[in-house]
Amino acid sequence: MAVRQKGLCPRCGLDLIEGAEFEPQDVREWVQWFSASSKRLHVHHIVYRRDGGADDRSNLELIHADCHRELHARGDRRAPTARASQPA
């Protein structure tokens with residue numbers, strides 16, 4: 001998903017993982033950084049399952065946890081993106 005999205009959150013347009021250019025001193029430092037960064041990401045159904053959306057990759061997007069909370073708090077019912085409406 002992240003590759004398809006070119007590393008950007010489709011909701012806010014910012015980098016999915018802030019500090020992706022981070023260069024750790026060792027593997028343990030990288031694992032700690034990556035683990036903390038990935039917890040701030042959520043997988044979102046473009047077409048909600050309750051509306052007939054599937055769990056297929058073409059109907060999923062990786063978004064910031066804050067963007068996901070805001071999206072659902074607003075009850076955002078906007079039309080699916082062009083990517084989601086095209087066959088995979």
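In which sense do strand β1 and β2 pair, and over how many bridges? They pair in the antiparallel sense, over five bridges. The legends below start from the whole chain and then move to close-ups.

**Figure 1. The chain at a glance.** This is a predicted model, in which local features need pLDDT of at least 70 and side-chain atom pairs count only at pLDDT 80 or more, while totals for chains, interfaces and linings use all residues. Residues are numbered from 1 along each chain as its sequence is written, and side-chain values use heavy atoms, with hydrogens and water left out. The chain holds three helices and two strands. Helices (H or I, at least four residues) and strands (E, at least two) are DSSP runs, numbered from the N terminus. Read from the N terminus, the order is α-β-β-α-α. Of the 88 residues in the chain, 27% are buried. Buried means under 20% relative accessible area, exposed over 50%, and partly exposed in between (1.4 Å probe, protein chains only). The chain exposes about 6,400 Å², and carbon and sulfur atoms supply 53% of that area. Areas come from the Shrake-Rupley method with a 1.4 Å probe; for residues, only the protein chains shown count as cover. Among contacts with a separation of 6 or more, 54% join residues 24 or more positions apart. Contact means heavy atoms within 4.5 Å.

**Figure 2. The strand pair.** Strand β1 spans residues 41–45. Two strands pair if DSSP finds at least two bridges between them. L41 has H64 of β2 as its bridge partner. Strand β2 covers residues 60–64, and five of its five residues are buried, so β2 is largely enclosed by the rest of the structure.

**Figure 3. I63 inside β2.** I63 lies in strand β2. Its relative accessibility is 0%, and I63 counts as buried. Not counting residues up to four places away in sequence, I63 touches C9, P10, R11, L16, R40, L41, H42, H44, H68 and L71. Q5 and I63 are 58 residues apart along the chain, with 9.7 Å between their C-alpha atoms.

**Figure 4. Helix α2 and its two sides.** The buried residues of α2 are A65, C67, H68 and L71. Seen down the axis of α2, these buried residues fall within an arc of 160°, so they line one face of the helix. The arc is that of the directions from the helix axis to the C-beta atoms. What covers these buried residues includes β1 and β2. The face turned away from the buried side carries the exposed residues D66, A73 and R74. Just after α2, G75 takes a positive phi of about 70°.

**Figure 5. H68 up close.** H68 lies in helix α2, which runs over residues 65–74. With a relative accessible area of 14%, H68 is buried. Which residues does H68 contact, leaving aside its neighbours within four places in sequence? They are H42, V43, H44 and I63.

**Figure 6. The segment before α1.** Q5 lies in this segment, ahead of α1 (27–38). Q5 counts as buried, at 8% relative accessibility. Leaving aside neighbours within four places in sequence, Q5 is in contact with P10, L16, E61 and L62. Is K6 buried or exposed? K6 counts as exposed, at 70% relative accessibility. K6 is not a glycine, yet has a positive phi of about 55°. L8 is also found before α1. At 33% relative accessibility, L8 counts as partly exposed. Beyond its neighbours within four places in sequence, L8 is in contact with G13, L14, D15 and L16. L8 and L62 are 54 residues apart in sequence, and 8.6 Å apart in space from C-alpha to C-alpha.

**Figure 7. Confidence along the chain.** The mean pLDDT of the chain is 78, and 70% of its residues reach 70 or more. pLDDT is the predictor's confidence in each residue, from 0 to 100. Where is confidence highest, and where is it lowest? It is highest in β2, at 93, and lowest in helix α3 (residues 82–85), at a mean of 40. Over residues 79–88, pLDDT stays under 50. The model has nine contacts beyond four places in sequence for residues 79–88. Where pLDDT is low, the predicted coordinates should not be read in detail.
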